[in-house]
Amino acid sequence: MKTDNLVSLDKDKIITPYTTLIKPKELQKVVLVGNPNVGKSCFFNFMSGMYVDVSNFPGTTVSITKSHFQGNDVYDTPGIYGVGSFNDEEKVARDIILSADVILNVVNALNLDRDLFLTLQLIDMGKKVSVLLNFSDELKKRKIKIDTKKLSDLLGVEVYQTAAVDKLGFDQIGEAVNSARVGKQELDLHFLLNQVMEKSVPQSDALLILEGDEAIAQKNNVLCGTADERERIYINRRNRVNEIVDLVEYEDSKKGEIFNHLGRLCLNPVTGIPILLFMLVLMYFFIGDLVSQRVVNFTENKIGKDLFEYNIKSFTGNYTPVYVDVKVLDNNGSVINNKTFNFPSGINANPTLQKEFSEFSKQNGAQSNFNFQNPFVKIFFGEFGVITMTVTYLLFLLLPLVIGFYFVMALLEDSGYLPRLATMLDRSFNKIGLNGKAVIPIMLGFGCITMANITTRMLGSEREKSIVTAILQFVIPCSAQLAVIAALLSGAGFAPMILYISVILTVLLVLSTVLNKMLPGESSPLLIDLPMIRFPRMSNVFKKTFFRSFGFMKEASFWFFIGALAVGIMEVSGILLVWQDVLAPFTTTWLKLPKEAANAFVMGMVRRDFGAAGLFHMNLSIMQKTVSIITITLFVPCIASFVVMLKERGWKEGMMIWFGTWIAAFLVGGIVAQIVI
Amino acid sequence: MPNSTLDKAKKGNPFIVVKLPSGNIKSQLIRLGIAEGDTLKCIQRLPGGTIVVQKNRQEIAVGFDLAKKIHVIIQ
């Protein structure tokens, strides 16, 4: 249909040039589709040039990138093995593919038999397709020959040889878009498709309906195909793929030749475990030491508190009653000077005191604590202010951490190590009702629980999502908290550390075993493609890091503001104080900690590290410290992860987990206290 | 060894796939290139039983519980 349009436009052009101005060439939607790790993004980067538009697909963590190429819109899609709805990535890719005018199918020439399954499916959808046969340069090295002419004849669409790394064949991309056409479909399948298409369903939708995609069937208001039907179509397609590969591929070297040596070393336990330990050490130095200590210390304290919060608070203080406590600390953190400035009618109203305050609060080591009298000002600009605390937290604490973690994830992913890590850990995760892929959200949890909560969407079943969400809220300390825990434990010797780790691990095992037994259904098994190990492409890594960090901040920021607002209201209305009084008896008799430790637990609801940091200034024995960090680790997640958890897992499950952490924290902390103190 | 399951395969064993478990997982296996009648090779068996198989130039990890449900003839 669209080609007809173009032809008639061209004719118009010859007769009256005006019509082209009035009727511009219709914008086509060009979509890049391919299996994971076939180099789609290299093509997209080449086609997009400078302008790229990123958006998070609604309800997923999958980001979509869109750009322009030769007057057309071009979209990148997540890597998929087939069009369907087995996971979020597939659903996102499916929806873009359904609305596509032209599909550029990127195929890994080394894995023809896997990749052509998707190609045939796209052709069966009746879409206009061109195939970009990538890694053509690798074919020669491995003495494999592919007859592209024959492949093109068999598929009924054009096939272009490319090598994305060296940008070989990229000059043909424009031609590939223009020459895209509907490929050859099998007669039997075509007959089946026609039956659905008679009900005025487009062919691409019809195929997915036959393959049992309920969402698409509902959209078109027709009956959905069964799983058996899909299986028949799939087996048929698989056989066609095998036939095509037999006809077009010639291999001179022996089949199954070992070329993925490093990949195997990562999997073999003898070498794989040392490699894993080495990776963990590297990760510790990068994230644990560099990002979460050095970088965050600078951004949070110097930029966030001293610069941003101080200025915005003293500006607000100009117009509203406030008294300011200023403490001057020396390098060891002890108070050497202390002054309170009272401005009953705002800072501006008293120029002499203002000058004195300004000089005093700007000396080295000074920390100003603004106490606003007006409750509304307090909610927005006070200690937990929606504007002050949340902005510092989001931009100067969380953002560096999130970038650090996503960067490491992208490195592991792009190098091909991540699927091998999941494979190696699979059996251990099986014991607690998960599969190896659960390592991803759990690893991210050590960065930020909120970020990890969102990532649980990638897991295969609701059951797994529930188990991982619970593990994250109960036992995984986030990086902010880890830093404080490490500081409290340092110098305490070996015994408290062993005690802490073994208690937390025990809770992890008990919790996950109980959930695994209790929750109905079955967890999804591990089935994962292991791509070749290679040196990560940094441009790709940076791009992924940027898109994911951006997507996370965009999605989570709002909830952090809501959380801060809730805490602000609790503080102003005095509910926080009531809580402290309620918790005090538990704290002193059951946990055997000083009464003020209750503050730490209340603050822990806001930000987990606030809770732990409160313990610094108390005079605690070593075992008291151990009990308190055990309790704080098991205690509720921060307010933002709480809200995001409710959103992800629903009210019922979210509240159960939240109250469960209260019980676990006080129960386990108390038992340890009764034994060791 | 006729009528065996994939979890019994040892490193280096070639095998023929006889029957896959039904349901969504079957579709996912077929997509990846593991279909009934195919000849594959077990290239790694991790402690605990996670199996890594090879088909042509592709390597795929299969969890132990799934491997138990894949009927194969080990050669």
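Predicted model: local features only at pLDDT ≥ 70, side-chain atom pairs only at ≥ 80, totals over all residues.
Biologist: Which residue just after α10(A) takes a positive phi?

Modeller: Helix α10 of chain A covers residues 203-210. Just after this helix, a positive phi of about 85° is found at G212(A).

Biologist: Which element gives the most to the side of chain A that touches chain B?

Modeller: The contact takes 34 residues from chain A and 32 residues from chain B. On the side of chain A, at least two residues each come from α5 (112-124), α12 (227-248), α13 (261-267), α18 (417-430) and β14 (527-530). The residues of this side divide into 15 nonpolar, nine polar and ten charged. With six residues, the element that gives the most is α12(A).

Biologist: Which residue of β5(B) does L527(A) stand opposite?

Modeller: Strand β14(A) is joined by four bridges to strand β5 (residues 58-62) of chain B, and the two run antiparallel. In β5(B), the residue opposite L527(A) is V62(B).

Biologist: Why is one side of β12 and of β13 of chain A left without a neighbour in the sheet?

Modeller: In chain A, three strands form an open sheet in the order β12-β11-β13, with antiparallel pairing. The strands β12 (335-343) and β13 (366-372) of chain A stand at the edges, so one side of each has no neighbour in the sheet, as each has a single partner strand.

Biologist: Which helix lies across β11, β12 and β13 of chain A?

Modeller: From one strand of this sheet to the next, the twist averages 15°. The helix that lies across the three strands runs at about 150° to β12(A), and is α15 (residues 351-361) of chain A.

Biologist: How far apart do the C-alpha centres of domain 1 and domain 2 of chain A lie?

Modeller: Chain A is divided into domain 1 (22-251), domain 2 (312-392) and domain 3 (393-676). For domain 1 and domain 2 of chain A, the C-alpha centres are separated by 60 Å.

Key. Residues numbered from 1 in each chain as written. Chains lettered and ligands numbered in written order. Contact = placed C-beta atoms within 7 Å. Nonpolar A, V, L, I, M, F, W, Y, C, P; charged D, E, K, R; others polar. Pairing = 2+ DSSP bridges. Domains from an automatic or database assignment. Axes fitted to C-alpha atoms, helices over the stretch in contact; angles between N-to-C directions. Buried ≥ 20, exposed ≤ 12 C-beta atoms within 10 Å, placed from the backbone.
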